[in-house]
Amino acid sequence: MRATRTKRRRRVVRAVLATLAALAVAAAGLGGLVVWQNTYDLREEAVTVRRDGRALDGVLALPEQGKGPFPLVVFVHGDGPVDATHDTFYRPLWESFARAGYASLSWNKPGVQGAPGDWLDQSMDDRAVEAVDALAWARQRPDIDGSRIGLWGASQAGWVLPKIAAKDGGIRFVIAVSPAVNWHRQGRYHLLAELRRDGASDTEVAAALRRRETGLELLGRGASYEEYVRAVGDPQGMTAARWRFVSRNHTADASADLPALRGVPVLLVLAGHDVNVDTADTEAAYRRLLPGPALRVGHYPDATHALVKHDVENSSLRLTLTALCAPRALFAAGFLEDQRQFLASVDTEGAKR
């Protein structure tokens with residue numbers, strides 16, 4: 001009996017060891033896959049943009065080969081505390097642009113990763129001035145072609161991109177991803193879209209709209225955060241700092257600045273599952289204010305506001321695994337390639353001039 005038990009123990013131990021070895025191999029393979037999938041064909045250089053007493057810590061992503069000078073895509077963030085890589089979300093885009101021969105420049109928002117200041121203290125004009133400083137800095141670098149610099153911006157950047165173009169007449173192109181036009185219209189659309197998505201009742205929708213109208217009335221007369229809390233009760237995530245940010249920016253409307261982009265090649269990128277921005281409203285405004293062939297519109301029916309595949313974003317597990325193991329596959333089909341083709345067309349048109 002003892003011998004039999006000993007043999008059984010040995011078999012169990014061997015089975016456990018074999019299983020552990022298999023798991024180790026699988027883990028090593030998975031680790032190798034993750035490393036490979038998160039290795040990009042580009043060179044990243046940590047930079048500090050210094051101009052007029054301001055310092056912006058960022059990343060300059062260059063094509064893997066060559067000394068330049070390279071044309072440049074300057075990234076303008078959307079809402080929130082975004083760092084230079086957007087938690088690595090930007091790297092597949094940088095790689096795509098690098099393969100087209102373009103460098104990319106991005107920086108931490110104020111207050112992010114130790115950067116001085118607080119992004120919640122900024123207006124859209126402040127953000128535009130910040131970008132203009134970065135453009136001037138980039139034009140001084142020997143590895144950047146200062147005559148071939150354009151902008152890439154998403155969401156809230158829709159209010160910033162045309163302001164930059166109005167301040168800097170040398171913008172060569174713009175890629176606008178899910179941009180809003182009017183802050184108030186966008187806010188109402190976003191609220192209703194989220195309520196519909198979450199299955200809110202008519203009573204809940206009516207209450208939310210009343211609350212919103214109260215907030216707009218308070219913003220209109222410059223009310224303090226304390227007044228807002230007294231009026232609505234539960235602030236539902238609205239902090240004092242956020243209230244100050246909204247107070248500075250709630251009148252934003254890109255319609256006033258978009259004409260600065262007339263004649264500039266613009267790629268307007270719109271998603272089919274956008275609960276943040278009314279894409280029909282945005283497209284109508286862009287077509288009205290930017291008539292002519294310089295405006296191109298790309299529709300991605302299966303994408304969310306961030307141009308991530310809808311079915312991927314809807315699953316937390318799938319989103320995490322895709323971001324870890326196949327980050328390039330996060331984006332809607334054709335999104336990366338279409339931007340490369342847009343840049344190629346900009347280069348071709350520029351060469352004809």
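Select Pro-69, which is placed in the loop between β2 and β3. Helices (H or I, at least four residues) and strands (E, at least two) are DSSP runs, numbered from the N terminus. A cis peptide bond, with omega at about 5 degrees, joins Gly-68 to Pro-69. The model is predicted: local features need pLDDT of at least 70 and side-chain atom pairs count only at pLDDT 80 or more, while totals for chains, interfaces and linings use all residues. Residues are numbered from 1 along each chain as its sequence is written, and side-chain values use heavy atoms, with hydrogens and water left out.

**The sheet**

Next, select the strands. Eight of them form an open sheet with mixed pairing, in the order β1-β2-β4-β3-β5-β6-β7-β8. At the edges are β1 (42–51) and β8 (295–304), each of which pairs on one side only; two strands pair if DSSP finds at least two bridges between them. From one strand to the next, the twist averages 20 degrees. Strands of a sheet pair through backbone hydrogen bonds, either parallel or antiparallel.

Within this sheet, select β3 (residues 70–76) and β5 (residues 144–154), which run parallel and are joined by six bridges. Which residue of β5 is the bridge partner of Val-76? The partner is Gly-153.

**Helices on the sheet**

Contact means heavy atoms within 4.5 Å. Then select helix α9 (residues 279–289), which lies across β6, β7 (266–273) and β8 and runs at about 160 degrees to β7.

**A pair of helices**

Two packed helices are described by the angle between their axes and the distance between the axes. Select α6 (residues 202–220) and α8 (residues 240–249): these helices pack at an angle of about 70 degrees, with their axes 10 Å apart. That angle makes α6 roughly perpendicular to α8, a term used for 65 to 115 degrees. Gly-215, Leu-218 and Leu-219 of α6 make the contact with Trp-243, Val-246 and Ser-247 of α8. These contact residues divide into four nonpolar, two polar and no charged. Ala, Val, Leu, Ile, Met, Phe, Trp, Tyr, Cys and Pro count as nonpolar, Asp, Glu, Lys and Arg as charged, and the others, Gly among them, as polar.

Select Asn-108, found in the loop between β4 and α3. Is this residue buried or exposed? Asn-108 counts as buried, at 8% relative accessibility; buried means under 20% relative accessible area, exposed over 50%, and partly exposed in between (1.4 Å probe, protein chains only). Asn-108 and Gly-58 are 50 residues apart in sequence and 5.8 Å apart in space, C-alpha to C-alpha. Leaving aside neighbours within four places in sequence, the contacts of Asn-108 include Asp-57, Val-82 and Gln-113.

Move to Gln-113, in the loop between β4 and α3. Gln-113 has a positive phi of about 50 degrees although it is not a glycine, and is exposed, with a relative accessible area of 59%.

Finally, select Ser-178 in the loop between β6 and α5 (183–197). Ser-178, also not a glycine, has a positive phi of about 55 degrees, and counts as buried at 1% relative accessibility.

Notes
Axes are lines fitted to C-alpha atoms, for helices over the stretch in contact, and angles run from 0 to 180 degrees between N-to-C directions. Angles under 35 degrees count as roughly parallel, over 145 as roughly antiparallel, 65 to 115 as roughly perpendicular and the rest as oblique.
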